[in-house]
Amino acid sequence: MKISVRNLEPTKAKLTITVDQDEFEPYLDGARKEIAEQITVPGFRKGHVPGKLVDKRVGFGAVAGEAVNKALPDFYSQALQEKDIRPMAQPEIEVVELPESADDDTKLKFTATVERRPDFELPELDGMTIAVEKDEVSDDDVNARLDMLRQRFATLVGVDRPAQNGDYANIDLTATIDGETVDSQEGVSYEIGSGTMLEGLDEALDGLSAGEETTFESKLEGGEHEGETATVKVKVNSVKAEELPEVDDDFAQEASEFDTLDELKDEIRKNVEADAEGRQATKARDAFIETIEKDLDIPAPKGVKEHMVEQQLQSMGVDKDKATAEQKKQAEEEVDKLLKDQMVLDALAEKLDVQVSQSDVFNFLASIAQQYGMDPNQFIQAIMRNGQIGSAVEEVARSKGLLAGMRAVTFTVDGEPLDLSAFLGSDDAAAEVDEDESVAAAAAAAAVADSLNAGDETEA
């Protein structure tokens, strides 16, 4: 097989592949055998029709066409491997030459135009030290978490004063358009300041006492008059305020398994510190990616970027043809970041020779299924039917490469080493994990993949 490569762009290549006759012949023979299973020729059993007779019965063109369908993916994959090309999209294939008969010495020749990952060099990880900002835990953090717990045990108490943000008001609503009542509700409980009902309602209720009423203009958010502006009359029947329980041992016993407030606070502090450690790991992950990408100027494949920008706009609820310049810019920036992260992590996984096993992929997919409350087996089968298993392999490789890369460098906080082994595991442990640990690792990989795809702050 002869392969020539022409780089059309830094991110696009055109491969011209010429296949020798002895390489293509096994595919022709395979095609003849498959066709022989489907045709009936007097004097021969199905599947035992000689190749020359198959050529004569269905035509060599049909045989060659079947052979090409099987051969092209194999020769294309071989060419990518030999020329060290990493595709980022499906190729555009064109058959240039094909033998017209069994005696024709014309070689199979085809071209494949594909968007590819551009070439770039990752920095060396050996000796790399990355400083991470410290995530402090203060008494205020503990008290804030304690206040959230108190709110869960709060009670509503009637108050004889004007309503204010945070109060709960029992209200009657009547909406009219041109003097005609189009909607009305009675005895509705509403938290003032929540913004969960009509626009302008929070401002109208602020300062009203029980028995008082007022009117305001607002667009209706449902019903047959949705979107129309109505005059809304709101009457306050009662006002209640949230009363938090006293912070003492009795509260600790009611709200937890602890007997004293001090024990409860100690447990809350442990939880807050654990959350801080998770945020610290997230900061380390972001700092690691930022560091290895710092001096890399990596162009994004145009076609891939265009498709992903369209998907990003759709996720924003925006039609690509109606998107504003600002919305397009936002989508493009997010896609540029995502593509760069993916390409760098793909290269990192290759650099570190990351291996992805079948169990890695199945555990990864099972963890995603569990996140969405789906049956893991059915989810995995659906992924395989839709031909998406390759994408899952890529995600697992990126996640494992990221974890392996982070294990290879040193992280510091205020000049002191930062121990992330609870989040990253170890190279030795990675080789000998039990089933439960594998699932946990897969869940961590899923979280990393989700965070990279969504560009959020999910903990690594």
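Reply: A residue is called buried here when its relative accessible area is under 20%, and exposed when that area is over 50%. The model is a predicted one, and by that cut-off 35% of the 460 residues of the protein chain count as buried.

Once its neighbours within four places in sequence are set aside, Arg150 is in contact with Leu244, Pro245, Val247 and Phe251.

Turning to the setting of this residue, the protein chain holds 15 helices and twelve strands. Among contacts in the chain that join residues at least 6 apart in sequence, 66% are between residues at least 24 apart. As for overall dimensions, the radius of gyration of the protein chain is 32 Å, whereas a compact globule of 460 residues would have a value near 23 Å. Taken along the principal axes, the C-alpha atoms fill a box of roughly 100 × 70 × 45 Å.

The surface and the charges complete the picture. The accessible surface of the protein chain comes to about 27000 Å², and carbon and sulfur atoms account for 43% of that area. The chain carries 47 positive and 103 negative side chains, with the centres of the two sets 11 Å apart, and Arg is one of the residue types counted as positive.

Conventions: Residues are numbered from 1 along each chain as its sequence is written. This is a predicted model: local features need pLDDT of at least 70, side-chain atom pairs count only at pLDDT 80 or more; totals for chains, interfaces and linings use all residues. Side-chain values use heavy atoms; hydrogens and water are left out. Helices (H or I, at least four residues) and strands (E, at least two) are DSSP runs, numbered from the N terminus. The radius of gyration is taken over C-alpha atoms; the globule rule is 2.2 Å times the number of residues to the power 0.38. Buried means under 20% relative accessible area, exposed over 50%, partly exposed in between (1.4 Å probe, protein chains only). Contact means heavy atoms within 4.5 Å. Accessible areas come from the Shrake-Rupley method with a 1.4 Å probe; for residues, only the protein chains shown count as cover. The place of a charge is taken as NZ of Lys, CZ of Arg, CG of Asp or CD of Glu.
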